[in-house]
Amino acid sequence: MLLTREEMTFPFGDAKLDPNRDRELLEWMFNQFLYGEVTGIQVGHWLYHAPDLEAAKFLARQSLEEMQHVDNFLRIMTMLGCQPKPAHPAVRFLATGMMGGSWAEHVALEMAQGEGFVLQAFYAVIDTLDHKPTIDILRRAVKQEERHVEFGEQQTAKAIEGRAWLRRRLLGLSLVSMWGVRRIANYMKKRLPADHVVLKHLPAFLEHANQCAALRLRRIGVLDRPLEEVGGGKRALLVAEAYGGKLLGGLVALITLPFRLLPWWKKKRVTDTYLRDPHITGYQLPTPEMDRATAQPQE
Ligand SMILES: [Fe+2]
Ligand SMILES: [Fe+2]
């Protein structure tokens with residue numbers, strides 16, 4: 001990865017999340033993660049669009065890992081007494097609404113940037129949650145997420161080689177996802193207690209996450225200078241340019257919207273139905289025997 005664990009770590013100090021006192025917060029947080037992992041079904045789409053066999057093999061493995069992560073979160077939530085509930089609209093927008101329109105957009109926005117952000121949130125939970133069984137599961141999962149981010153970084157660098165227009169476009173789209181992170185920060189600031197030992201750090205943590213995202217863009221080569229040196233007007237232009245390319249698609253989407261809203265027209269995906277899926281509604285903790293039988297070699 002282009003950023004180290006140390007660079008991505010936020011200094012929470014001794015502040016700890018308590019599984020009992022903070023159950024409501026943990027339930028909210030793990031439901032966002034659960035949704036994020038369910039969006040792993042999109043990997044199937046990108047497997048079909050992989051540029052070469054090596055990338056296809058990577059994605060085939062990733063799809064399995066993401067589906068295992070769904071079970072990881074079901075397991076964590078069951079252990080902590082948390083219920084599966086819908087994810088916040090901003091999270092759904094970042095994870096599904098921003099789904100890339102091309103291979104370059106996928107590897108840059110969803111893998112390097114999006115999974116980089118999720119990885120940082122996993123690190124934060126590992127550093128603060130006072131519940132060893134959860135930490136053990138997350139420690140294994142982050143090794144896989146680190147590989148997903150690294151693949152995103154490498155593939156993005158390859159895609160932008162000699163294509164300045166693509167660099168600008170990916171930067172414009174990245175600015176929108178950073179804006180999405182700020183939206184989540186504002187929502188949390190309003191909804192969560194400001195005097196909480198861990199939560200009081202949240203706005204600074206999300207700011208740090210955005211700084212890491214900018215640093216990653218710089219190291220990949222999408223940004224050729226520190227983000228602070230890109231002024232407000234220039235940023236607005238980059239966003240407008242990036243979305244200008246999507247204008248035609250947006251018009252078609254707008255015209256066909258009434259049809260697509262009809263229940264019989266709209267194709268339901270697992271990201272729409274997972275909360276009523278028997279795998280989730282009937283989830284039970286695996287027995288030690290089941291664990292041994294399904295144990296995957298972890299690196
Ligand atoms: Fe995952
Ligand atoms: Fe991942």
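A residue is taken as buried if 20 or more other C-beta atoms lie within 10 Å of its own. By this criterion, 31% of the 299 residues of the chain count as buried in the present model, which is predicted.

The secondary structure comprises 14 helices and 0 strands. Along the principal axes, the C-alpha atoms fill a box of roughly 50 × 45 × 40 Å. The radius of gyration of the chain is 19 Å, which agrees with the value near 19 Å that a compact globule of 299 residues would have. Among contacts with a separation of 6 or more, 80% are accounted for by residues 24 or more positions apart.

The largest nonpolar core contains 55 residues, and those with the most contacts inside it are Phe 30, Leu 34, Phe 73, Ala 108, Leu 170, Ala 213 and Val 222. Two or more residues of this core are given by each of H2 (23-38), H4 (53-80), H5 (89-97), H6 (103-128), H7 (132-160), H8 (164-191) and H9 (202-220). The most is given by H6, with 12 residues. Beyond its neighbours within four places in sequence, Leu 34 is in contact with Val 70, Phe 73 and Pro 84.

Helices H6 and H8 pack at an angle of about 35°, their axes lying 10 Å apart, and their crossing is right-handed. On the H6 side, the contact is made by Ala 104, Glu 105, Ala 108, Leu 109, Gln 113, Gly 114 and Phe 117; H8 contributes Leu 166, Leu 170, Leu 173, Ser 174, Ser 177 and Val 181. Classified by type, the residues of this contact are 8 nonpolar, 4 polar and 1 charged.

Conventions:
Residues numbered from 1 in each chain as written. Chains lettered and ligands numbered in written order. Predicted model: local features only at pLDDT ≥ 70, side-chain atom pairs only at ≥ 80, totals over all residues. Core = buried A, V, L, I, M, F, W, Y, C linked by C-beta atoms within 7 Å. Buried ≥ 20, exposed ≤ 12 C-beta atoms within 10 Å, placed from the backbone. Helix = DSSP H or I, 4+ residues; strand = E, 2+ residues; numbered from the N terminus. Contact = placed C-beta atoms within 7 Å. Axes fitted to C-alpha atoms, helices over the stretch in contact; angles between N-to-C directions. Left-handed = near helix turned anticlockwise from the far one by under 90°. Nonpolar A, V, L, I, M, F, W, Y, C, P; charged D, E, K, R; others polar. Rg over C-alpha atoms; globule rule 2.2 N^0.38 Å.
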